[in-house]
Amino acid sequence: MRRFYLIGFIILMVFDTTGQIGFKFAAVETAPATFDPAWLQRIFVEKWIYMAIVGYIGAFFTWMTLLKHAPIGPAFAASHLEIIAVLIISVSFLGETLSGGQILGSLFVLSGIGLLTPRREREHSEKAERRRWRELPPTAGLPLRWRDFLPMRDGLDFEAALAGFLKVPAVQVECSGTACFLIALETLKRLSARRTVIIPAYTCPLVPLAVAQAGLRVRLCDTRKDRFDFDADALSASCDSDTLCIVPTHLGGLTADLAPVLEIAQRIGAYVVEDAAQALGATWQGRSVGTIGDIGFYSLARGKGLTLYEGGVLVARDEPLRTALAETARGLIPVRPFTEGIRQVQLIGYRLGYHPVGLRLTYGLPLRYWLKKGDPMRAVGDTFSQDIPLHRMGAWRKRIGASALQRLPAALMENAERGRRRAKNLEGVHGLRVINDLSRSNGTWPFLMVLLDTREARDRALSRLWPSGLGVTRLFIRDLTGYPDLREIVPAVPMPNASSLAERCLTITNSAWLSEAEFSDIDETLADTISNPSIRPKSIVRSRSGAGFDVDPDREGARKTGRRADLKVSSTVVDRDKTRSRR
């Protein structure tokens, strides 16, 4: 933007000076000014008058363009530089002499620019310097404290504490939310001959991977327009006598509408497995999501409201089903001390690095690296291993979770209040909407899901906000039909609503570390990019460090340097993204 101002004001000064000098030379060539027809004729045939007209027209359009972006104070002062330029040319080429008043006026112009511009530049530089070493997380996770790592005097049991928090008889803690889902699928597979699992077309790619690992068939169902929950008519048409279970998904701490899901599932005799990986603590009609269907599961991965770096919680409505889930886990989940030791070290590292300075290294640098490479899937952590890691969680991490859980209710209340307030602030921006709570529902609001009217508007906004360090990113890069590595798992059927959601959605962190001034910057940037289509949606943008990033979400194939469009997943990528809200 500084280069834009510099070039713009130089062009403005050239046009302004051209106009002034054109009039001066025209006046000299047509003198004396007799104001008669002969004098007017001399003016109309004089080439200098047309140079003056061109200069004034060019200055007008340049000035109007600059005013769209430049602060009015420095811009108005800088526009008067043409007075000095005209004086210099007049002295050099017209033989004029400078008077004391002209010299004094020139000094006033220069001092005005000096007084106004440095202040704005200084404020900009100070703000940039404050942000240079800060990186905000994409979610409002609950920061761990060192006292959470110490032995608890009261010896509170993690499972019992979670059961009390969710108001259920018992919970089952596993190594990840995806492992919980896999255990649920393996259990239901033993209880029924049905083999089809209905999932929404806009959700985490780990969901269909778990269904495939369980040896079951994936069937996609389109979402509601501009929301992530099932389209009721599409869901009814998707279900048949082979439907084993329906998986409603609660995304971004917000709840899906469970009413049509429960009604359809009861009608066809299918199970309901609630994916509440991102919604621990959210409620639907007064009940905790995840506890309403037959089975529910939550994620305790990094960046979640409650995290053990990796972890998951499994709940079931009925005692026989809880018993079956526990039996499945005993046979499916191995004891792997080395893997659990790695998770413990990672959790300590998470405690050390989960703050705005540490996140600059653990989250911001990888994000910018993959954006620079033109790989948005890796930038958000949308690439996963085909094999879901399985191991039993150790007692020490559970004790850490029990300690942190005591702070969770208050943190979720603060997040919800802050999220709703920020969502209301964004309502005034024409051309976007925030996905909000359903009636009689209370979300946890780890981030705001924002839908812009068009993909181009979303990409214009991301080109400025994604590498900014302000916690603006994307949830899932595509709907499930768009991931190359899922082609053998996911049916290639059109999902227009889910595709539109993926193309137009961005997320804004609801972290308490995001100041109100920074949120206002995001608000203003969104309003500016929506109202200014001249900002190219697939442009190379520059971060504060000066690196360039192409944020075109579909930049693949030959446009990727040295990389095939068909990305191969790597198990190391799962652990790369230290803060992204995943399973």
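Student: Why does Asp-226 count as buried?

Tutor: Buried means under 20% relative accessible area, with exposed over 50% and partly exposed in between (1.4 Å probe, protein chains only). Asp-226 comes out at 16%, so it counts as buried. Bear in mind that this is a predicted model, where local features need pLDDT of at least 70, side-chain atom pairs count only at pLDDT 80 or more, and totals for chains, interfaces and linings use all residues. Residues are numbered from 1 along each chain as its sequence is written, and side-chain values use heavy atoms, leaving out hydrogens and water.

Student: What makes the phi of Asp-226 worth a remark?

Tutor: Its phi is near 65°, a positive value in a residue other than glycine. Asp-226 sits in the loop between β3 and α10 (232-238); helices (H or I, at least four residues) and strands (E, at least two) are DSSP runs, numbered from the N terminus. Trp-445 also has a positive phi, about 55°, without being a glycine. Its loop runs between β11 (441-442) and β12, and at 0% relative accessibility Trp-445 counts as buried.

Student: Which residues touch the most other members of the largest nonpolar core?

Tutor: A nonpolar core is a set of buried Ala, Val, Leu, Ile, Met, Phe, Trp, Tyr and Cys residues joined through side-chain atoms within 4.5 Å. The largest one has 130 residues, and Tyr-202, Leu-306 and Ile-508 touch the most other members. Helix α8 (residues 177-191) gives the most to this core, eight residues. A separate core of twelve residues includes Cys-221, Phe-230, Ile-268 and Ala-270.

Student: What does Ile-508 touch?

Tutor: Contact means heavy atoms within 4.5 Å. Leaving aside residues up to four places away in sequence, Ile-508 touches several residues, among them Leu-426, Phe-447, Val-472 and Phe-519. Val-472 also stands opposite Ile-508 in β14.

Student: How do you know that β13 and strand β14 are joined?

Tutor: Two strands pair if DSSP finds at least two bridges between them. There are two bridges between β13 and β14 (residues 505-509), which run antiparallel, so the pair meets that definition. They belong to an open antiparallel sheet of four strands, in the order β10-β12-β14-β13.

Student: What makes β10 and β13 edge strands?

Tutor: β10 (432-434) and β13 (472-473) each have a single partner strand, so one side of each is left without a neighbour in the sheet. The seven-stranded open sheet, ordered β1-β9-β8-β5-β4-β2-β3 with mixed pairing, has its edges at β1 (172-174) and β3 (217-221), again with a single partner strand each.

Student: Why is the crossing of α17 and α20 called right-handed?

Tutor: A crossing is right-handed if the near helix is turned clockwise from the far one by less than a right angle, and left-handed if anticlockwise. α17 passes α20 in the right-handed sense. The axes of α17 (residues 408-426) and α20 (residues 516-531) come within 11 Å and cross at roughly 35°. Axes are lines fitted to C-alpha atoms, for helices over the stretch in contact, and angles run from 0 to 180 degrees between N-to-C directions.

Student: How do the residues of the contact of α17 with α20 divide?

Tutor: Ala, Val, Leu, Ile, Met, Phe, Trp, Tyr, Cys and Pro count as nonpolar, Asp, Glu, Lys and Arg as charged, and the others, Gly among them, as polar. On that basis the contact has three nonpolar, one polar and four charged residues. Arg-421, Arg-422, Asn-425 and Leu-426 come from α17, and Glu-516, Phe-519, Asp-523 and Leu-526 from α20.
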